[in-house]
Amino acid sequence: MKIVIVGGGMGGTILGNNLARRLHRELKTGKARITMLSASDKHMYQPGLLYVAVGSMMPDELYRDQASLLEPGIGFHVDPVETFMLDKRQVKTKSGAVHDYDILVIATGSRAIMQGIPGLAENAETFYTEETAVKMLKRLREFQGGRVVITVGVPHKCPMAPLEITFMLHDFFKERGMRDKVQLHYTYPIGRVHSLENVAKWAAPEFDRLGITYETLFNMKEVDGKNKVLKSEEGSSTKFDLLVAIPAHKGMEVVEKNGLGQNGWIPTNRTRLNMEGQENVFVLGDTTNLPISKAGSTAHFEAETLGENIAAMVKVGSAVRDYDGKVFCFIEAGKDRATYAMFNYTTPPDPKEPTRAVHWFKVAYNKLYWASARGLL
Amino acid sequence: MMGEKRKIDARGSFCPGPLMELIAGMKAANVGDELEVLSTDKGSAADIPEWVKKVGHEILATTEENGVWHITVRKAK
């Protein structure tokens, strides 16, 4: 059984290691083979970029060599797929190599798009790449005071990021002794301050307590850099001295070019995680079109489900369980307190009061992630 | 000219939620397209029309069947 995993991010890596352990006998006897095709020899811990933007992590802490994270039984190639030939059960890579598969997993992820909003890339700070996170840190360090506006694109990666960066900016300026010189103004696309109703019920009074103002039903339309004004689709506008953007994101270009899904999101069965219409092609993490959070934990839990199912398909010819939509998100409530939200397709979250203990667990997880990627946690 | 009709299955979506899914769908749609949102959140029956009205799109239908709301919206601009 030839298993090909396209993408070496969080989902692909956890799945590959999970499968290599479950199928170690089959890998030895040649009954199964696992191949991973990735665009990079490095693996980035993307959630760490938030901390780089406020100076509490350094970029070099976010990387490991991808090969060092993988079980020895996995054939790893830095050779991204360019063509998907699903009718022939083959993929073709940049180098021209053709790989046959019995089971294909597509986990190519997503990319932040600043260009969709006129003026945004030129006038906003953001933190979704190493380069932009470092640039944002330098800008924050130089900032002498004024109005800071947080704006949120749709759809966006990691739905907790807008709240987290806002609370972290509050503490960043407070710690520098200049919070009284900074107005923090948060904008959000829907009619409350967060998608999750229970999270919004906690966060809105927290904003009030900290003197953070907010405007809901605000979808950015364009940025007037000359006059430093952000305009919304809903017809309102707000002035800024410093604009911080949570940009919209899209699936990868290779998905769009191969006609696998509009905007790079592949239509995916919500419980079985196969690509719609393709029994032996599975989709993982940010790459799906599922209406759930595009977050690392989503990729993690999906990978665990697929690891069990694909291993069982090799061993007994059948999947064994459904993905239930499980997501677990930490929520940083500043620099030293945090809470979390856990939910699935049927049960909404019930976040508790933030504590120092949860914050320290998140800080620990930022290091423990590498054990998680190896499939150990 | 008739626009395309598309369905957004946001059942069981607490986060990002049906309205955010619709906003994303509208960004990808063309003027005249009809998007039908499926939602198991009864709040959608209020918050989707509120946003649609504020931005200036058009609600075509709102129905509920076995706990699933079907809200059809036309992109107007």
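These legends go with a set of close-up views of a predicted two-chain model.

Local features here need pLDDT of at least 70 and side-chain atom pairs count only at pLDDT 80 or more, while totals for chains, interfaces and linings use all residues. Residues are numbered from 1 along each chain as written, chains are lettered from A and ligands numbered from 1 in the order written, and side-chain values use heavy atoms, with hydrogens and water left out.

**View 1. Chain A as a whole.**
Chain A has eleven helices and 22 strands; these are DSSP runs numbered from the N terminus, with helices being H or I of at least four residues and strands being E of at least two. The radius of gyration is 21 Å, close to the 21 Å that the globule rule gives for 377 residues, so chain A is as compact as a globular protein of that length. That radius is taken over C-alpha atoms, and the rule is 2.2 Å times the number of residues to the power 0.38. Along the principal axes, the C-alpha atoms fill a box of roughly 65 × 40 × 40 Å. Of the 377 residues, 56% count as buried. Here buried means under 20% relative accessible area, exposed means over 50%, and partly exposed is in between (1.4 Å probe, protein chains only).

**View 2. Chain B as a whole.**
Chain B has two helices and four strands, and along the sequence they run β-α-β-α-β-β. Its radius of gyration is 11 Å, close to the 11 Å from the globule rule for 77 residues, so chain B is as compact as a globular protein of that length.

**View 3. Where the two chains meet.**
On the chain A side, 30 residues are in contact with 22 residues of chain B; contact means heavy atoms within 4.5 Å. Together the chains bury about 2100 Å², with 59% of it on carbon and sulfur atoms. Buried area is the accessible area (1.4 Å probe) that two parts lose on being put together, summed over both. In chain A, the residues that lose the most area to chain B are Val154(A), Leu217(A) and Pro291(A), which together account for 28% of what that side buries.

**View 4. The cis bond at Val154(A).**
Val154(A), one of the residues picked out at the interface, is joined to Pro155(A) by a cis peptide bond, with omega near -10 degrees. Look for Pro155(A) in the loop between strand 12 (146–152) and helix 7 (161–175) of chain A.

Chain B has a cis peptide bond between Cys15(B) and Pro16(B), with omega about 15 degrees. Pro16(B) sits in the loop between strand 1 (5–9) and helix 1 (18–28) of chain B. With a relative accessible area of 16%, Pro16(B) is buried. Leaving out residues up to four places away in sequence, Pro16(B) touches Ser195(A), Pro291(A), Ile292(A), Ser293(A) and Glu21(B).

**View 5. Helix 1 of chain B.**
This helix is mostly covered, with nine of its eleven residues buried. Among the buried ones are Leu19(B), Leu22(B), Ile23(B) and Met26(B). The buried residues pack against strand 1, strand 2 (34–39), helix 2 (44–55) and strand 4 (68–74) of chain B.

**View 6. Two loop residues with positive phi.**
Arg89(A) isn't a glycine, yet its phi is positive, about 55 degrees. Arg89(A) lies in the loop between strand 6 (81–85) and strand 7 (90–93) of chain A, and is partly exposed at a relative accessible area of 40%. Lys228(A), also not a glycine, has a positive phi near 55 degrees. You'll find Lys228(A) in the loop between strand 15 (220–224) and strand 16 (229–232) of chain A, where Lys228(A) counts as partly exposed at 35% relative accessibility.

Met313(A) is in helix 10 (residues 296–316) of chain A and counts as buried at 16% relative accessibility. Met1(A) is 312 residues away along the chain, but the two C-alpha atoms are separated by 9.6 Å. Not counting residues up to four places away in sequence, Met313(A) touches Met1(A), Ile103(A), Arg272(A), Phe282(A), Ser318(A) and Ala319(A).
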